[in-house]
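Student: I should like to work through this structure by question and answer. May we begin once the sequence and the coordinates are in view?

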Amino acid sequence: MTTARARLSARNPQAYGFAVTLLGALFFFPDALVVRLIDTDTMTIAVWRGIAAAVVTFAGLAIFGRASLPHWRDLLRWPSLTMIFLQGIGSVFFLASLGQTSAANALLILATAPFIAALMSWVILRERIDTPTWGAIFTVFAGVGIIGAGSLGGGHLSGDLFALANAVVIAAYYVVIRMAPQGNLMPAIAIGYLLTSAIAYPFAPMAPLNLEQAALIFISGGVILAGGCALLQIGPRYLPAAEVSMITMLEIIAGPVLVWLFIGENPGLKTLIGGCVILIAITAHSLLKLAQSQRGQPA
């Protein structure tokens, strides 16, 4: 399977990266809705979701990725240890945000992650940030400010802060992948799923689950999280960052829409205004970067 993947990626790397990244984003479309439908404490969800994701990922590695598994010593190196930590706390922050704010707030604030990653790369990797990216950074954080202002009176500010913390974690996740592009980080990510369960367990009431809730948790962890993360480890390596941002933006739009259609969750006017500011900034920035790359200019 690895050989077939290598042949496909070599034949048309950009098309391959686009297809795999789009598929990975599609996996996450219903994630917020599924978490809402489970209808139990989010830390209990975090415990079982992490276990489900870890079991499926380890099984997938054993069946399909055994030849590319790293030596156990590689798991003690900084990229793997960092990825374990980031994956562990990131899922906790994501579910905590969904438990304390609207799905729209949680996902729209998450859209700041690529721009936080740009700031981190500027500080850590000494990568230059051009004027359009600086403009997009200031604009998306203005959008986050509008969303946060709408949460002040509604008691959802803590959920917004968890969402922002999750965005910082995902940004760091992007930077680690950039710094260790050739390593197989999936075993570390799988261990990170178990760390999520360990972190959440002391805060989880662990109420009994019915069959429907258990099935939904398996879908959220074993299918959406495990499958989506695996695909998003592969696809973005073959694409410019602008295209990755455009593709992953689909989840930011689709997630709140699905929650609204099926549950009727109204995010509020300021979330809609702030969300529009964020989405316009991402779209304009991505289109500009794509145009620059097509003209052969540095993106």
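**Salt bridges, helices and a surface patch**

Tutor: In this predicted model, the side chains of R49 and D31 meet in a salt bridge, 2.8 Å from N to O.

Student: How many residues apart in sequence are the parts that R49 and D31 tie together?

Tutor: R49 lies in helix α4 (residues 42-64), whereas D31 belongs to helix α3 (residues 31-38). Both R49 and D31 are buried. The pair therefore ties together parts whose separation in sequence is 18 residues.

Student: How many salt bridges does a search of the whole structure find?

Tutor: The bridge between R49 and D31 is one of them, and E265 forms a salt bridge with R36. A search of the whole structure gives a total of 2.

Student: How far apart are the closest N and O atoms of E265 and R36?

Tutor: E265 is in the loop between α12 and α13 (269-294), and R36 is in helix α3. This pair links distant parts of the chain, 229 residues apart. The closest N and O atoms of the salt bridge are separated by 2.7 Å.

Student: Which helix gives the most to the nonpolar patch?

Tutor: L37, I253, V257, W260, L261, F262 and I263 form this patch on the surface, with about 700 Å² of accessible area together. With 6 residues, the helix that gives the most is α12 (residues 241-263).

Student: Is I263 buried, partly exposed or exposed?

Tutor: I263 is placed in helix α12. Buried requires under 20% relative accessible area and exposed requires over 50%. Because its relative accessibility is 39%, I263 counts as partly exposed.

Student: How far apart are the end C-alpha atoms of helix α11, and what span should its residues have?

Tutor: Helix α11 (residues 211-234) has 24 residues, which at 1.5 Å a residue should span 34 Å. The distance between its end C-alpha atoms agrees with this, at 33 Å.

Student: The backbone oxygen of which residue does the side chain of T196 reach?

Tutor: T196 is found in helix α10 (residues 186-200). Its relative accessibility is 2%, so T196 counts as buried. At 3.3 Å, its side chain reaches the backbone oxygen of Q87.

Conventions: Residues numbered from 1 in each chain as written. Predicted model: local features only at pLDDT ≥ 70, side-chain atom pairs only at ≥ 80, totals over all residues. Heavy atoms only, no water. Patch = residues over 30% accessible without salt bridge, like charges linked within 9 Å, V, L, I, M, F, W, Y side chains within 5 Å. Areas by Shrake-Rupley, 256 points an atom, 1.4 Å probe, with all protein chains shown as cover. Salt bridge = Lys/Arg side-chain N within 4 Å of Asp/Glu carboxyl O. Helix = DSSP H or I, 4+ residues; strand = E, 2+ residues; numbered from the N terminus. Buried < 20%, exposed > 50% of the residue type's maximum accessible area, 1.4 Å probe, protein only. Expected span 1.5 Å × (residues − 1). Polar contact = N/O pair within 3.5 Å; in protein donor to acceptor, adjacent residues only side chain to side chain.
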